[in-house]
Structures are given as structure tokens and as C-alpha cells.
Amino acid sequence: MRPLDILAEAVPPDGAAAGVRVTQAQGARGLQLSAAAPHALSFPASRIFFGCDLFPEEFSIVVTLKVPGLPPKKNEYLLSVVAEPDTLLLGLRYSAAQLHLLFLSEDAAGTWQTRVSFRSPALTDGRWHTLVLAVSEGSFSLTTDCGPPVDIMADMPFPAALSVRGARFFVGSRRRAKGVLTGLVRQLVLLPGSDATPRLCPCRNAELAALSVPPILQGLPGKPEDNEVLKYPYETHMKVTLGTRPPCTKAEDTQFWFDASRRGLYLCMGREWVSVLAAKERLDYVEEHQRLFTTSETLGIEAFVIPGTGLFVAAANRKATSAIYKWTDGRFASYQDIRTHQAQSWRHFTIGNKIFLAVANFEPNEKGQEFSVIYKWSQRRLRFAPYQRVPTHSARDWEAFEVSGEHFLAVANHREGANHNIDSVIYKWNPGTRLFEANQTIATSGAYDWEFFTVGPYAFLAVANAFNGTSTRLQSHLYVRLGGSFRLFQSFLTFGAADWEVFHIGQRIFLAVANSHRYDVETQAQNDSYVVNSVIYELNVTTQTFVRFQEIPTCSALDWEFFSVGEDHFLVVANSFDGKTFSVNSIIYRWQGYEGFVAVHSLPTFGCRDWEAFRTAAGSYLIYSSAKEPLSRVLKLRMG
């Protein structure tokens, strides 16, 4: 027979009832009664017993509730069926350690009240529990949270002909002000004719196993649609965390986090922070926030945070000194100078509690030796100090990554003398020596950039090959790690590839390449060869390959940077040269779904080389470096 949802019958269709409120606790909603209106949830028995006014002889009652501790001698009713003037036909109540089923019995000697009691000490522990009380042929069984049933053979069986004519159902009371339910009730279902346990169990979340839950209590409060208020009033027992993004683990489940910088409220669900009440931020315009004067042209920039110390950017300068700047009073200020040799880029990474910063040096030192250097943060001196020198060949880029608990560094070797077809090297951290040691070499052609990412259990590494000595028209490669080494997975036709950028939008995975120019020794460079399409690829799960998604015209593109503002996603490209001038606009593109990325902002730049996005308590920012002037610019994103 069909389940009869007692709770849904008692709650008005619009969810409004005097003295009743919807309350959320421990990840689920329930109804809470007010002692001032003990009879708020009631209805005539004829509403569900319209074909026959006899209560079924065999049945189950399913209840999901959360109740606080009770004094030893106090009882509260979950359900009662009361006939006029005040005769209890059936009742379900609980005390601090027991659950009681009461019913009216009758024989030749008269009528009296029978009580069947189950010990259930966990019932009042303040957590959600689902109980199934099954009645059949004098046998009474109680199952709690899909656990082993407790069976009782009573002396008096449940009556075969219990009339409910003219009676009334009460939820959370016995028609009296005394003994009103003080906890929360989420489910209260009568299933005639059978034991409901097989319908509910086994269940992954046995404490909230559901046979029938009223619509107003289903799910969790999500984000309303635009200009919509929550349909049902509710209160919530919640813990709200402030500050930077906290972890979302089982311990934080159903807790809230308020992100002051984004002005959003998030709920921890299934190890992910889900937006509940997020102000829809919109990127209105971009304005210059700071001119950061550098000692020379800057070829790369790296933004990073050192916990407990602050936000930094490291500038890779073309001349002999590179610099680290610290965010102080809303601006970057000079913090530390480091001697480099035509530095191309910096890479920040951590191993355990150790903080490192690796620089890619393009030129040899004063002794003619080609080394790139790994620096380690000194917590005592609050400075970076040289840690390890690594032999490189006109290094363009470092990529740091972790696979199965092991740490790696990949260097993009651009050329050795005039030879661009050389090996780039992947180094592996040796915990014993506490040094990086060569682990694998990969043949590259004028390598410019490495990009690491994972898809499920697989680790990938993409290289941007820029020049093979005669042409920029060549294959860049994507490698997958199998059997302890990286193996070729897919190749892409690129034109002076200078950068790969991987990013996710929902469940979709994209890979964008920045093509810098078309050049071939036989044809020589033409002015329009610097205006070339850069390409965005998307992972096709069916074919297990990246397929061309969108082409975007760029002017000697050297970098892509992906960032998000509120619910919007953006890509900014570093346009550096159009064949005539270095004064070209870099472009911000916004994700438009079916339309792909659409240009929304043009940013005047001069010889733009690198973009970095970062966020502070004051808002969101972009910073770009110039390879043609000793000036980097910090731009602030203004939100609507």
C-alpha cells in the first residue's frame, strides 16, 4: 500500500502554520513546534481514512527526528490519534531512554491502554535519527538508523478493529499543552500493511533515510533565482567562518563560510563550498592602480603568498638584478633584490613547510657558466637565500608539480648556443639529499613554457615549442605520466608557441596556447606574420583528446592568464607586437558559454610579456610586465 505522509498532511500546502517554523540543523531541514501553539499540526483522521475508518492491523511508522536530551521522567509525543472527548487511540512518544507505542485495547472485560516500550538511549543525543516501528501479528519491531532490529512479542496484540471515526491526528503533541515535541521532526509516515524497513535500508545516510519527506523540507537551502526570496521561512543552527577560504572536509560539513572579499556566503557540502547567497559580482571596468617601476625590462612576473608574511610578486628582469616586491598598504613595495642573468621567469612552490622560488636564467654568469637557481625562504631572516644551482641552457621557464606525493621541477631549455633542438629536463626532489636530481629528459625545440595539470588520476605536462632553428611552425607536445615517466600523448601544430594555460569551467577542461609569430628561414618574417591566431582546445572525454574549440586573433601573444570574478570567467592575453609597434592592446575575453570567449575589455600595453591575477581583501587585481620598458602596471578590477 502507498505510504501516508502524516507530516505533509499536517503542514498547510503553502508551508505556513502558526507556531511552526522550518529549521535547518546538521545539513537537513525539520519542523519545530512552539509550545504556545501545541495543536498547530493536526488534521481529521477522515482525510486519510476516507474509504475505511479502521486503523490497519499491520503497519509501520517511519519517523526522522532530532531531539535534545530530556530529563529522566519527561515524555514527549511524536504522534497521537485522539477521539472525542479525549480518548487516546494511538500514541507514539519518547523519553530520555525509551520509545513507547501506546494503543487502545478492548476485550470482553473492557477497554484499557496498552504500552509497548523499546530502549533507545541514543534517541535524545541531539542528532538526526530515522526510526522504523513495525507492527505485525502481535510482534513489534524497532529499527534505528538501519541497524539491527529490536523485536518484542507483546502479551496484547495490536487491535484488529481500531476505529478512528471522528478522531484527529496530532503531530508533536497529545492534544494537550504538556509534552509538546521540543526537537525537530523531518519525516512522519504511516505505511499500512507492511514493514517499511526493506524500502529504506540499506541506506548510505541511514540517519536521514527517507520514505516520504514533505516538499518544504526536501534538499538544502540553495541560492534563490534573481529577485526571488526563499519560499519558506526557516532558521538554522549554523557556524559561520570568516576570513580566507577554510577547508571543506567532513568536519566542516553543513557549516557556512562568509567570504568578505567576494561578499558571498558559502555552504560546505560534499567537500565543496557551494554558493548560497553570493552577490553577483560583475567586472565593469579596469583601472590603473599602481605603476611599478623596475630596474629594467621585466620578462616574467610571479605572484605568491607566504602564509603569515604576506603577498609578494617576483619580477624577472632582463638586466643583472631582479626584484621581489611585497604588498604593503595596498601597493607593492620593494622588498628584496636578487642577482640574476637575464631572468625570464620565476616559479614559486612548496615542499612540506619549505618555501622555494626558482629563477630561469637565460644568459651565462660572469664565469661563462649557465645556471638557474633555486632559492629557499628563510623564516628567520624573512628573505630568500640561494639553495641549489641547476645547469640549464637559456632557460625560459620552470614548472613545479607534485605526482603521488613526489615533487618535480621541469625546466624549459630554449637553446644551447645556436642549437634550439636540445633536451629539456625534469628534476625530482630527493628527500634524502634534499636536492633536485635529474629524472627525465625530453627532446624540445626552442622550448618556452611547461604547463602541468591533472585529469582524474592522470598527470599531464605540456611543452610550448617555439623554434627549431628554421621555422616557428612546428609541433608542441602534451605528455602523460605512465609507468614512472612522461610519454607523448598528443601533438598540436603551433606557431612560435610561448605559453600554455590550462583552466576549468564547470566540468569542462580547456588548454589554450599563445602563438607568437609565423617565421620560416625561406620566406623570412613579414610584418603580418606577428598577427596570428592563438587556439583554445577542449578535452573531449569520448575521444580522450583535446580538440580545437576556438581560435582568437592575437598579436605576437606571449601569455594567457585565466581568472574568475564572481560567476564570470575570463582570459587575458599578452599581446606584445603587431609587426610595427610594441604599443598594442592586450585583450580581456569573457566566457559566454555557447559563444566561447568574447572580447570585453581592451587594455593599452607596451611590449606586454606576462600577466598575473591576484586577490587581496580590497579586491581583485591584474599585473602585467613589459619586456620593452622598465615599468610594470597593477590594474584593479572594478566590480558592479
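**Side-chain links, up close**

Guide: Arg638 counts as partly exposed, at a relative accessible area of 31% (the scale calls a residue buried under 20%, exposed over 50% and partly exposed in between, using a 1.4 Å probe and protein chains only). Before we follow that side chain, some ground rules. You're looking at a predicted model, where local features need pLDDT of at least 70 and side-chain atom pairs need 80 or more, while totals for chains, interfaces and linings take in all residues. Numbering runs from 1 along each chain as its sequence is written, and side-chain values use heavy atoms, with hydrogens and water left out.

Back to Arg638, whose side chain meets that of Glu287 in a salt bridge, 2.5 Å from N to O (the test is a Lys or Arg side-chain nitrogen within 4 Å of an Asp or Glu carboxyl oxygen). Arg638 sits in strand β49, residues 631-639, and Glu287 in strand β22, residues 283-293, so this pair ties together parts of the chain that are 351 residues apart in sequence.

Another pairs Glu9 with Arg47, and here the closest N and O atoms are 3.8 Å apart. Glu9 belongs to helix α1, residues 6-10, and Arg47 to the loop between β4 (42-44) and β5 (54-55), so distant parts of the chain are linked across 38 residues. If you check how open the two ends are, Glu9 comes out partly exposed at 30% relative accessibility, and Arg47 gets that label at 40%.

Next stop is Glu629, which bridges to Arg633 with 3.3 Å between the closest N and O atoms. Arg633 is a charged residue that counts as buried, its relative accessible area being 14%.

Now for the cysteines. Search the whole structure and you get two disulfides, taking a disulfide as two cysteine sulfur atoms within 2.5 Å. Count the bonded cysteines along the chain and the pairing reads 1-2, 3-4.

The pair Cys146 and Cys201 has its sulfur atoms 1.9 Å apart. The angle about this S-S bond is -80°, making the link left-handed. Both partners are in loops: Cys146 is between β12 (139-144) and β13 (150-153), and Cys201 is between α2 (197-200) and β17 (234-237), so the bond ties together parts that are 55 residues apart in sequence. Cys146 is partly exposed, at 27% relative accessibility.

The other pair is Cys248 with Cys268, sulfurs 2.1 Å apart. The torsion about their S-S bond is about 95°, so this disulfide is right-handed. Cys248 lies in the loop between β18 (240-242) and β19 (256-259), while Cys268 is in strand β20, residues 264-269, so the parts they tie together are 20 residues apart in sequence. Cys248 counts as buried at 11% relative accessibility, and Cys268 is buried at 0%.

Which cysteine sulfur is closest to that of Cys555? It belongs to Cys608, but at 12 Å the two sulfurs are too far apart for a bond. Look from the other end and Cys608 is in no disulfide, its nearest cysteine sulfur being that of Cys555, 12 Å away. Cys608 is buried, with a relative accessible area of 0%.

Zoom out and you can see what these links are set in. The chain has two helices and 49 strands. Its C-alpha atoms fill a box of roughly 115 × 50 × 50 Å along the principal axes. Of the 640 residues in the chain, 53% are buried.

Conventions: Helix = DSSP H or I, 4+ residues; strand = E, 2+ residues; numbered from the N terminus.
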